[in-house]
Amino acid sequence: MAYSAKIGPSILSSDLSCLGSECVRMMESGADYLHLDVMDGHFVPNITFGHPMVECLRKSLGQDPFFDMHMMVSRPEQWVKPMAAAGANQYTFHIEATTNPGNLIKEIKESGMKVGLAIKPGTTVEELAPWANQIDMALVMTVEPGFGGQKFIEDMMPKVNWLRSQFPSLDIEVDGGVGPDTIHKCAEAGANMIVSGSAVIGSEDPRSVIALLRTVVAEAIQKRSLDR
């Protein structure tokens, strides 16, 4: 079993006027990686930030933080090279946004980044399955992408469960409405990479929330390895 519990705060939930120091605060609170939501106003109705900000964050934070770019954009092909040059570590694109996932996966790898493949709540996990052996991570959205603070959709857990049963060593990420109240369901289903926005960043004690999330996931991973 090659996967482990990793917690990635979604920095879009932080005070964007001091994003650099917010990233530092999250890393110092024990975050394993940072989840950066890129929205273009087309694929999703909201607009956030792009590669110039990623470049500034990389310069400010140094090489240490792992940047997981969640590309909620209608032309993911367009931003692979700029994001790689800006210092992104993983490029997670939506299967709904491209007609040629295989080619895009190849481009991302050639640019030196890891590959994440995301599906919206309305997309079946079978659409992701043919690419699962070529990617580093599958992202199962547990809310409709585009806005923070939404309610967790528990009906997405069978997708996670199915992916974990079919691809036992794949990194599986969940994103949307995940926090102390919903982490047990995610962990039991088989998710190991946990994106959490307001539950971590809005907390008075983010360190303890991150530790709690990680413990629940690590225990579920251990239980799964014993049950096999």
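The side chain of aspartate 171 forms a polar contact of 2.7 Å with the side chain of asparagine 192. A polar contact here is a pair of N or O atoms within 3.5 Å; within protein, one must be able to donate a hydrogen and the other to accept it, and residues adjacent in sequence count only if both atoms are side-chain atoms. The model is predicted: local features need pLDDT of at least 70, side-chain atom pairs count only at pLDDT 80 or more, and totals for chains, interfaces and linings use all residues. Residues are numbered from 1 along each chain as its sequence is written, and side-chain values use heavy atoms, with hydrogens and water left out.

Aspartate 171 belongs to strand E7 (residues 171-175). Helices (H or I, at least four residues) and strands (E, at least two) are DSSP runs, numbered from the N terminus. Aspartate 171 counts as buried because its relative accessibility is 14%; buried means under 20% relative accessible area, exposed over 50%, and partly exposed in between (1.4 Å probe, protein chains only). Beyond its neighbours within four places in sequence, aspartate 171 is in contact with Tyr3, Lys6, Asp136, Met137, Ala138, Asn192 and Met193, where contact means heavy atoms within 4.5 Å.

Tyr3 is also among the residues touched by arginine 224, together with Arg164, Ala187, Glu188, Ala189 and Gly190, when residues up to four places away in sequence are not counted. Arginine 224 is part of helix H9 (residues 206-227). Its C-alpha atom is separated by 8.7 Å from that of glutamate 188, 36 residues apart along the chain.

Methionine 141 lies in strand E6 (residues 137-141) and is buried, with a relative accessible area of 2%. Not counting residues up to four places away in sequence, methionine 141 touches His70, His94, Ile119, Lys120, Pro121, Met156 and Asp175. Between the C-alpha atoms of methionine 141 and leucine 36, 105 residues apart along the chain, the separation is 14 Å.

Two loop residues were also examined. Aspartate 155, in the loop between E6 and helix H6 (157-166), is exposed, at 65% relative accessible area. Aspartate 155 and valine 140 are 11 Å apart in space, C-alpha to C-alpha, and 15 residues apart in sequence. Threonine 124 sits in the loop between strand E5 (114-119) and helix H5 (125-128) and counts as partly exposed, at 38% relative accessibility. The C-alpha atoms of threonine 124 and leucine 226 are separated by 29 Å, the two residues being 102 residues apart along the chain.

The largest pocket holds about 370 Å³ of space. Its lining comprises 28 residues, of which Gly148, Gly149, Gly176, Gly177 and Gly197 lie nearest its centre. Strand E2 (34-39), strand E8 (193-196) and helix H8 (198-201) are the elements that give two or more residues to this lining. By type, the lining residues divide into 11 nonpolar, 13 polar and 4 charged. On a 1 Å grid over the protein atoms alone, a pocket is an open set of points where a 1.4 Å probe fits, with protein on both sides within 12 Å along at least five of seven lines; lining residues have an atom within 4 Å of a point. Grid points are joined across faces, edges and corners, and a volume is the space filled by probe spheres set on the points. Ala, Val, Leu, Ile, Met, Phe, Trp, Tyr, Cys and Pro count as nonpolar, Asp, Glu, Lys and Arg as charged, and the others, Gly among them, as polar.

The protein chain has 9 helices and 8 strands. Its radius of gyration is 16 Å, close to the 17 Å that the globule rule gives for 228 residues, so the chain is as compact as a globular protein of that length. The radius is taken over C-alpha atoms, and the globule rule is 2.2 Å times the number of residues to the power 0.38. Of the 228 residues, 52% count as buried.
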